Amino acid sequence: MKIYKATDYKDMSRKAANIISAQVIMKPDCVLGLATGSTPIGTYQQLVEWYKKGDLDFSGVTTVNLDEYKGLPRTNDQSYYYFMHQNLFDRVNVNPESTHLPDGMEPDSEKECARYEELIHSLGGVDLQLLGLGHNGHIGFNEPGEVFEKETHCVNLQERTIEANKRFFASADEVPRQAYTMGIKTIMQAKKILVVVSGEDKADIVAKAFFGPVTPAVPASILQMHNDVTLVGDEAALSKIPQ
Ligand code: F6R
């Protein structure tokens, strides 16, 4: 595993964007696996800036996102579809038809998960997967559990997650109860993985995930078994890893 220590969030975002840029420049028709959440926002901003300067071309790139809420229309500003369009897709020259997320409005979970898994395979797999890290070690919507969930599947959101997300909705009733997510195997099949972490509140889980035992109780710990992982974090988030 390669670890890049950044001074702060901005520096982390630049370093992560540099790695994604290198991927796009080296393989203009690459498949990027993308994440939502607060951590990658600065990375997307940096990529947009470099695109606007003429340094990056996304016209040949295909994207597949990690996850999406089930039951939220694309027009809902809490959908990951909306997030990706706001933060990246509408601001660079990626072909909208080459951007993919699970379809949250497909009610048949089995059908949608099989379609998404098949789509990723038909694209030849993910060249570079960007990941954020949850405070409990989750990646995508793969929460701590007894086993590593393998392929794209539908998850029931934990009560904690619903509680935490309700501030973004008019009421707790409107918070989706389920989500579609790439599974651990789907994520592990990516050729390269880039994890971004920021802030002191991530320091404990970063140390546990990357230097603790590999266990489904900390889903991100499986990344220790991948042969091409890059961790980019600011000083605060990396403050508890062994020197
Ligand atoms: C996002 C995702 C999540 C986040 C994680 C960290 O698509 O799948 O696993 O990466 O919850 O979120 P932030 O970056 O907001 O701390």
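These questions and answers walk through the pockets and salt bridges of a predicted model.

Visitor: Which helix gives the most to the lining of the largest pocket?
Guide: That pocket holds about 1100 Å³ of space. Strand S4 (67-69), helix H3 (80-87) and helix H5 (159-165) each supply at least two lining residues. The top contributor, with five residues, is H3.

Visitor: How many polar residues are in the lining of the largest pocket?
Guide: The lining has 38 residues, and Gly37, Ser38, Tyr80, His138 and Asn165 are the closest to the pocket's centre. By class, 14 are nonpolar and seven are charged. The polar count is 17.

Visitor: Which strand supplies at least two residues to the lining of the second largest pocket?
Guide: This pocket has about 210 Å³ of space. Among its 14 lining residues are Arg74 and Tyr81, which are two of those nearest its centre. H3 supplies at least two residues, and so does strand S5 (99-100).

Visitor: Is Asp127 buried or exposed?
Guide: Asp127 meets Lys27 in a salt bridge, 3.0 Å from N to O. Lys27 is partly exposed, at 32% relative accessibility. Buried means under 20%. Asp127 has 5%, so Asp127 is buried.

Visitor: How many residues apart in sequence are the parts that Lys27 and Asp127 tie together?
Guide: Lys27 sits in the loop between helix H1 (9-26) and strand S2 (31-34). Asp127 sits in the loop between helix H4 (109-122) and strand S6 (128-131). The pair therefore links parts whose separation in sequence is 100 residues.

Visitor: What separates Glu112 and Arg115 in helix H4?
Guide: Their side chains meet in a salt bridge at 2.8 Å, N to O. They are three residues apart in the helix, so the separation is about one helical turn.

Definitions and conventions. Residues are numbered from 1 along each chain as its sequence is written. This is a predicted model: local features need pLDDT of at least 70, side-chain atom pairs count only at pLDDT 80 or more; totals for chains, interfaces and linings use all residues. Side-chain values use heavy atoms; hydrogens and water are left out. On a 1 Å grid over the protein atoms alone, a cavity is a set of points where a 1.4 Å probe fits but cannot get out, and a pocket is an open set with protein on both sides within 12 Å along at least five of seven lines; lining residues have an atom within 4 Å of a point. Grid points are joined across faces, edges and corners, and a volume is the space filled by probe spheres set on the points. Helices (H or I, at least four residues) and strands (E, at least two) are DSSP runs, numbered from the N terminus. Ala, Val, Leu, Ile, Met, Phe, Trp, Tyr, Cys and Pro count as nonpolar, Asp, Glu, Lys and Arg as charged, and the others, Gly among them, as polar. A salt bridge is a side-chain nitrogen of Lys or Arg within 4 Å of a carboxyl oxygen of Asp or Glu. Buried means under 20% relative accessible area, exposed over 50%, partly exposed in between (1.4 Å probe, protein chains only).
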